[in-house]
Amino acid sequence: MAASKTGMKIKTKLRFLPTVGPISIWIVLFVFAPVAVIVFISFLATGPAGGILPKFSVENYRFLLFGESEYGRAVLRSILYAFVTNMACLFVGFPMAYWISKYGGKFKALFLFLVIVPSWSCYIVRIYALKQLVGYPGILNDFLLSIGLISSPINILYTPAAVVLGLIYIWLPFMVLPIFASLEGINPALLEASLDLGATPRWQFLTVTLPLTKGGIFGGTILTFIPALGDWLVPLLIGGNRVWMAGNLIEHFLVVRGKIAMASSMAVILTAAVVLLIYMFIKLGGEESMERIV
Amino acid sequence: MFGQRAHIRARAAWFVSGLIFLLAFVFTGNSAFATGKVKTYEQYVASIPEGCQPVPQECFEKAIAGKTFAMYDWAAWWPEKLYKGFEKEFGIKIIRDNYPNLDEALAKFRLNPKTPYDYWLTNPKSVWYMKKWGLLERINHDWIPNVNRYLAKDMKNASWDPGYNYSVLTTLGYDAYVINTNFINKNDPRIPSWKFLFEGWDVYKDRLVMRNEMNRVIGNTLKYLGYSLNSTNPKELKEAEKALVRLKPHIMAFNSWPKRAVMAGEVWVVEGIVHDYLTLGKLTGPKNPFYPCYPPNGCLLSPMLVVMPKGGNNPAACHLFLNYLYRPNNFATLINGVAYGNGHTGIKRLIKEEVKKWMTPPEEGYREKCEVLLPPAFTGEGEKMRAAIWEKLKK
């Protein structure tokens, strides 16, 4: 009897193998293994010509975390830019998602399509499109100059503000979609009940809609905050490489200085910061609401 | 029912035959190319242009037997005609891979030393590192008679490759600055000195782009201050740091090839290899608005060198290509296309007049005032101090 039960259990497990198996192998090979390699290299010593020495060392971490350098500042700046991006995406994305959900009617799909469609183009193409828009000569400056609102072009590109603007532009759809999904998941009866009980529209929004979309907000936060934190192309192309984020620092170590172990340590520090922040988000956002949105 | 089946079968037959054709095309690609204009060594020797010499038979046969030639170089720089001409003449298929910058290319070899390239167009820094790691094949000088004949003597045992064992010079770039004369008057008394670049922001109104390359930017800053660009003197480097920090608010961006911004008139002054702006100027209209500025006290000299990484499968093809490249007609095609300085002694009469103006500074003996980046700048304390300046500049 026991043997047949065990056999059944194995059979049930094997049933999932064709579906779960390949993706598990994929994740192990292309997610866990590379991360393990990076962590391993980060604890190796750096040779005099920049190469890796097969010797255990925590010197890279000591140098990056406690050495006299600008590295900590670059990480903090990345966190700040990612935070500002995130907040801006939230303040723009929530009303957008709310409007589509509530007033989109039969055009909901079309509006969502318009939100998603820029993401279909290549990341670099989108960055260059933004450059054409806000640069000089560019559509915005040319327009403002032609109507006489400004007498000389505004320098938007190649500033820290431009970096944040670029990050918002790139990652906004990833905030709108989860919020839209959570708004769509709200039971209309709950909204009606709140009105029946005398809630004003504002009170209804604050006490019913907003708490029920918490999962979407935190989901969107994770989807925008993490890539914004590790981004290096936006500071490079839109920020003119004048100010570094953590990603640029990793590139500087790996490519320019050829310090592979140091670049790995920096990547591990950044990943650790992201994991910690996600943990905090989940704890704050509530695991249940996160699961719902996932 | 029967008709439907037949229709499906016919479609399947078309699909299968299409697939077979595609596979045949892919897998026979190499052999299709293996029929060059020159089939035997005798034919090759007979076809050599006047004033040129053939490679030895051993080199020729090994190169042809290798069938392919793996190159690692810049994209969209040298005239395509050169590569196509080589393929057509010898029937060797060129497999080209391109890098976005030389530091990234060097990082590739650092991570994977046996990367299988037969040819790598690179700079003195990479030659130094690759030599140190033992990753370069020695050049067989007996296999490149045209290089031996035409390459200037002082370029054969130069500071970037003492002993002349591992690299062959192709082009020499002058890394100074260029102004856009649509916005800037070239008669400004500070032009062409470094003073204009480092102090002329009242004129260029912060529309300056500097290269995004640590050693080059700091090197030229040292040059502006009157020091050697390979200096390791902390006091001199501190001065360079101060000059760059003072300049930073007036730097629009750090970009090594700001093609779009320069063409759009967004940038008025650009620090970089001056020759590149002749080709760019041609694209902007009938009148080239760019003007090359060669600071009187010299600038950074950037030699582009061909080396053979150890992982390559067909080093003979690299020799064959170098010998082909150094034929005066081919080398003139290269220089007329890129307008760079060089060490070829047999192409003067083949160079276009406008290219002559851009390929070398107007002043006789200017090259002697220029410097190449050498190990003191990119290794040890010199590298550490430069990295600290660069990191401060990007904060």
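Before the first stop, a word on helix angles: an axis here is a line fitted to C-alpha atoms, for helices over the stretch in contact, and the angle between two axes runs from 0 to 180 degrees between their N-to-C directions. Keep in mind, too, that you're looking at a predicted model.

**Stop 1: two helices in chain B**

Select residues 214–224 of chain B, helix H11, and then residues 234–247, helix H12. How do their axes cross? They come within 9 Å of each other, at an angle of roughly 100°. Angles from 65 to 115 degrees count as roughly perpendicular, so H11(B) is roughly perpendicular to H12(B). Now show the side chains. From H11(B), pick B:Ile218, B:Thr221, B:Leu222 and B:Tyr224; they meet B:Glu236, B:Ala240, B:Ala243 and B:Leu244 in H12(B). Colour this contact by class and you get 6 nonpolar residues, 1 polar and 1 charged.

**Stop 2: one residue in chain B**

Stay in chain B and click on B:Val203, which sits in helix H10, residues 201–204. Is B:Val203 buried, exposed or partly exposed? It has 17 C-beta neighbours inside 10 Å, so it counts as partly exposed. Leaving aside residues up to four places away in sequence, B:Val203 touches B:Ile184 and B:Asp188. Try the distance tool on B:Val203 and B:Asn185: they are 18 residues apart along the chain, with 9.0 Å between their C-alpha atoms.

**Stop 3: all of chain B**

Switch to a cartoon and you'll find 19 helices and 10 strands. Chain B has 395 residues, and 44% of them count as buried. What about contacts between residues at least 6 apart in sequence? In chain B, 76% of those join residues at least 24 apart.

**Stop 4: the two domains of chain B**

Domain 1 of chain B takes in 35–166 + 303–355, while domain 2 is made up of 174–299 + 370–393. Between the C-alpha centres of the two domains there are 30 Å. Where they meet, 11 residues of domain 1 are in contact with 10 residues of domain 2. Which helix gives the largest share of the domain 1 side? Select residues 124–132 of chain B: that's helix H7, and it supplies 3 residues. By class, the domain 1 side has 7 nonpolar, 3 polar and 1 charged residues.

**Stop 5: a helix pair in chain A**

Move over to chain A and select helix H8, residues 173–184, along with helix H11, residues 214–230. These axes come within 8 Å and cross at roughly 165°. Angles over 145 degrees count as roughly antiparallel, so that is how H8(A) and H11(A) lie to each other. The crossing of H8(A) past H11(A) is right-handed. Among the residues making this contact are A:Phe174, A:Met175 and A:Pro178 of H8(A), and A:Gly215, A:Gly216 and A:Ile217 of H11(A). The contact has 8 nonpolar and 6 polar residues, with no charged ones.

**Last stop: where the chains meet**

Finally, show both chains together. How many residues does each bring to the contact? Chain A brings 21 residues and chain B brings 23. On the chain A side, look for helix H13, residues 246–256, which gives the largest share with 3 residues. That side has 10 nonpolar, 7 polar and 4 charged residues.

Methods
Residues numbered from 1 in each chain as written. Chains lettered and ligands numbered in written order. Predicted model: local features only at pLDDT ≥ 70, side-chain atom pairs only at ≥ 80, totals over all residues. Contact = placed C-beta atoms within 7 Å. Helix = DSSP H or I, 4+ residues; strand = E, 2+ residues; numbered from the N terminus. Nonpolar A, V, L, I, M, F, W, Y, C, P; charged D, E, K, R; others polar. Parallel < 35°, antiparallel > 145°, perpendicular 65-115°, else oblique. Left-handed = near helix turned anticlockwise from the far one by under 90°. Domains from an automatic or database assignment. Buried ≥ 20, exposed ≤ 12 C-beta atoms within 10 Å, placed from the backbone.
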